[in-house]
Structure formats: C-alpha cells, structure tokens
Amino acid sequence: MSNNSNYKDSSKASPSGGGLEGASSYLKDIFNGLKSLVIGLRRTFYYFTHHKEIITQQYPDNRETMNLPERFKGEVVMLHDENNEHACTGCTACELACPNATIKIITKFDITPEGKKKKAIDKFVYHLELCTMCNLCIVACPTDAIKMAQTFEHSVFNRADLTKVLNKPGSKIREGVE
Amino acid sequence: MLSFSTISKSIDSWLRATFSDTWTMVIEMLIAGICVISLFAILGLILVLMERKVSAWMQIRLGPNRVGPKGMFQSLADTIKLLVKEGLTPDGADKFLFNLAPILAIIVAMLLMAPIAFAKDFQLWNMNIGVLYVSAVSSMMVISILMAGWASNNKYSLMGAMRSGAQIVSYELSAGLSILVVVVLSGSLNLNEIIQSQADGWWIFKGHIPVIIAFIIFIIAVTAETNRAPFDLAEAESELTAGFHTEYSGMKFALFFLAEYVNVFIVCAIGATLFFGGWMPFHIGNWQGFNHVMDFIPSSIWFFGKTFFLIFLIMWFRWTFPRLRIDQLLNLEWKYLLPISMFNLLLVTAIAILGWYF
C-alpha cells in the first residue's frame, strides 16, 4: 500500500475510469501492496529473531579475532619470499595505472653475470596518504608482485611516515620472473 | 492480593479518614500528577532503549551495549546529557510560541493519559465519553507541531509542520472511523464499558474480519498520527534536517522526543483497549475453567503486555518501511484507507444490527 505503485496508479486510473475493471484493479492493488509489505516485515522479523546474523564488529575489543571481509583493502604491499626476493620487474604498469600518482618507481640497472645490463627496481615508493585503495595497480601488475593487505591502523604523527618504500632493503627480483 | 486497585483504594480511604474531602481531592490530584510524570519518565527511558535495540536487531546491528549491563543505562545517560545542555532560542524566533510548543506537546500527552485504564479498576478518570475525548484531544497534537514549526522561523521547520498538519488532519478520519467500529459493536463510548464488553473474548476475535480490517487501518492511521516512519514526513531528516524540531535543543528537544514516545504508548494503549480488551485477560466464550486460569495473571500485566506488543508492531513498521512521499501519503489516506474504513463501518453496523458477531 505504501510503495510506489500508488503513485503510478493515480495517473493510470483516470483514463480507465470506474467500472468493474477499475474496482478489480483497485482491490488487486491493495492486495499486492499488502503482500509486498508482509514480505518486508518477514525479512526484518527474521533478522530480529536471528541474532547470529549480526555483522557488527566490536573493533578495538576484538583486534585478535577480527573477521574482515575478503575484499577489504587496507594498503598496498609487495610480496617477498623467504630469500628476500620479490616479483617486481619495474615495468611501471602500476605507476601508469594509478589515478592519483600514489606509486613512483625508481629504477636502476643491474649487471647480470653475463655482463649484460638489466633493468630492476631501486625503490618502489608508495604514498599511502594519496592512495584511495582503488585496486587498479594490483589489477595492472603483470607478475602479481604487489597486493592489497588488510591492515588499516595507519595513523601516524608525521605525514612523511606515510610515504613508504615497499621493496625491502637488499631484496632482489626472483629468478625467472620477467 | 496486592494490585493497583487495592493500593489506590487503601490510599484513598486513608486520606479520607485523615483529611477533609477537599484536601483529599487536592492530594489525590497531586499524587496522580506525580504518578503520570514518573510514568512519562520511565516510559521515555524504556521506549527509547527498546526502539534502539529493536532497530539495531532488525538492521543486523548490536545496538547500545556499553553503558551499564547490556547497554541498559544508555537512555539514562542520554537524558542526563539532554538535561545539562543549553536550551537555545534562535534570534529570529517567536520566543513565546517557541517555548510554549514543547510544553503544549507534553500537556496533550498528559491529558491523553486520563481515560486509560491501566489495570482493573485503576483509571485516572472514568468518563462516559472516553473514546470521544481521546480522539478530540489527540488531534491537538498537531497544534504544538504547527506552533513549533511556525515559531522557529526556519523554512525546514515550517515545511515539516505544514506536512504534519496535512497528515494529521487526513489520518484523523480513518483513525476515528476505525475506532467507531468498536464503538458500534460495544455500544458505548466509555472505555471501561468497552473493556467489560470484551469479557467473553476480545473484539479482534469476536468481530472477525471487519474488526481485523479496522485494526489494520487503526494501526496505519495512528502511526501516521504520531509522525513515525513510514509517515515521518514532519521530521524527514534526509529532506528537512529534523523538520519541526530543527531549532530545538536541550530539554525542549527532549520534551518533543518524550512526547513522541508517550504518544506512541498512548495510541497503543487505546488500540489495546479497543481491540485487545485492555486489561481484560484472554477469555474464550464460556470456557469457565480456561477463563479462570487466565484471571490469575494480573490485569496490569495483561494491559502492559498488549500495549508493548502493539508498540513493537509500530517499531517493526518503522524499521522496515521506507518513508512515503507527501502525495503517496495523501493518496493512501483518501483513496484507500478512508473508502475502505467507511465501507467497513457500514459492514460492521450491519453485523451489529443482525448480531452476526460472537
């Protein structure tokens, strides 16, 4: 009764006028309106009686047992394995994909054992203060070197602390990643 | 046995024995006033907390759970906060009307308490036109809202007040007609006699389908009359900030807030009295044994149980349905509720004449 159909009918009802047809559509309207209201009431009553559905997280109290949704995005991190190796080739695809210049990649040239020069990253600079967690850099990365972490307690006293270098000191590119 | 009526009778007889008749009346009026005010305070605390918990659970949230055990003192803390806040009167406002409006709102709510029977033989004023009195006084609610909206000198307040005026004037009709259904069946305007007429079954069961239709219309209409969602166009926080009480703060705001909840309680009490037998226990026709067992539950528990059930129903509506637009609101009343309730009244009159009810 209280949904949109009311409004639409006010314009529709005038040409068809009264008569038996009008009366039956009037009654049908009431019936359908009531039915849709009951559907809504049933849903809220289900939630009212099923407290296990509650999704509230009592955040500072449950820091250990917090249950974040899978798609929650906190900050960009670079993945390093146990040999302190990462998969970033320095291709700057993430830098180009970033809509607000959050990522700056500084490259250098490594000398391979064969004596060739090879491009590699020197610093992967990440400005957390500019990041909107849009996930475009993660999508753009061809080697899955970076991903979104679920940490979110980012507050610091100094703005400069938010500018991070994501590759760990002394790390190098993993063998075989091109 | 200890009950409200025996307590009130013993106080009355003690006062009559100690003081003269005039003083007895004065003291009894004072006691009644204090009881009503403390009932207001308790109702405000309980209903605000109840609403917050109900809304939280319906929206898959937890609700207040920090102040006191399970958040029970949350509304108390809020009340203390409102008490110590500054009651601001805006510069451009009509100061007299601005300050009068919240007091008027609460006075109307207090007046409505008079004819309600809270338990067996426990009533402030047993008048023979109780139903008429309730519907007459409850329509004065709109005056305080219009006054607040006008005196605030604020476009949002005025719009909220105007909407509320249109709303209450139209929904008063179907509320009145659905109340008339019960009056026709019981043949009395006295709330006590209406309760007595339900001694062999509540009207909602005795009057079958027409009374159920009347009850549904009554619940919709009183939800609109108390300005609660889905009919909360008068405050409509997403459109009008807070509607008629935009400019109010501190205790004056609290009075409006309290008046809303007390009004909800009162209309639910009236609904419980008319359709669910007030304090009358659950009786089925002539089943003497069953009726006798039901009589063991005190009448005040029956009354408050039914009233709070209806309050829950109204809260349930509030947290399920979206707000109506003003045109939808008036359509609903004039095109649907009013014709249906008029036809329903005709039907019930025929039923009452032919004696087709139980």
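The contact between the chains takes 17 residues from chain B and 18 residues from chain A. The model is a predicted one. On the side of chain B that touches chain A, the elements giving two or more residues are α2 and α15 (326-354) of chain B. The largest share of that side comes from α15(B), with 5 residues. By class, this side of chain B has 12 nonpolar, 3 polar and 2 charged residues.

**Helix pairs in chain B**

Helix α2(B) also packs within its own chain. It spans residues 21-58, and its axis comes within 8 Å of the axis of helix α3 (residues 74-84) of chain B. The two axes cross at roughly 120°. Angles of 65 to 115 degrees count as roughly perpendicular and those over 145 as roughly antiparallel, so α2(B) is oblique to α3(B). The crossing is right-handed. From α2(B), the contact is made by B:Leu45, B:Val48 and B:Leu49. From α3(B), it is made by B:Gln74, B:Ser75, B:Leu76 and B:Thr79. Sorted by class, these residues are 4 nonpolar and 3 polar, with no charged residues.

A second pair joins helix α7 (residues 155-186) of chain B and helix α10 (residues 208-225) of chain B. Their axes lie 8 Å apart, at an angle of about 155°. Angles over 145 degrees count as roughly antiparallel, so α7(B) is roughly antiparallel to α10(B). This crossing is left-handed. On the α7(B) side, the contact includes B:Ile168, B:Tyr171, B:Ala175 and B:Ile179. On the α10(B) side, B:Val211, B:Ala214, B:Ile217 and B:Phe218 are among the residues in contact. The contact also includes B:Glu172 of α7(B) and B:Glu225 of α10(B). By class, the contact of α7(B) with α10(B) has 13 nonpolar, 3 polar and 2 charged residues.

The table sets out the two pairs.

| α2(B) and α3(B) | roughly 120° | within 8 Å | 4 nonpolar, 3 polar, no charged |

**Domains and sheet in chain A**

Chain A is divided into domain 1 (5-53) and domain 2 (75-173). Taken over C-alpha atoms, the centres of these domains of chain A are separated by 55 Å.

Chain A also has an open sheet of 3 strands, in the order β3-β4-β6, with antiparallel pairing. Strands β3 and β6 (163-165) of chain A stand at the edges. Each has a single partner strand, so one side of each is left without a neighbour in the sheet. On average, neighbouring strands of this sheet are turned by 25° against each other, direction ignored.

Strand β3 (residues 103-111) of chain A pairs with strand β4 (residues 117-127) of chain A in the antiparallel sense, over 9 bridges. In this pairing, A:Lys104 has A:Val125 of β4(A) as its bridge partner. A:Ile105 stands opposite A:Phe124 in β4(A). In a regular strand, side chains alternate between the two faces of the sheet. The hairpin of β3(A) and β4(A) has 5 residues between the strands. In this hairpin, A:Gly115 takes a positive phi near 90°.

Notes: Residues numbered from 1 in each chain as written. Chains lettered and ligands numbered in written order. Predicted model: local features only at pLDDT ≥ 70, side-chain atom pairs only at ≥ 80, totals over all residues. Axes fitted to C-alpha atoms, helices over the stretch in contact; angles between N-to-C directions. Parallel < 35°, antiparallel > 145°, perpendicular 65-115°, else oblique. Left-handed = near helix turned anticlockwise from the far one by under 90°. Contact = placed C-beta atoms within 7 Å. Nonpolar A, V, L, I, M, F, W, Y, C, P; charged D, E, K, R; others polar. Pairing = 2+ DSSP bridges. Domains from an automatic or database assignment.
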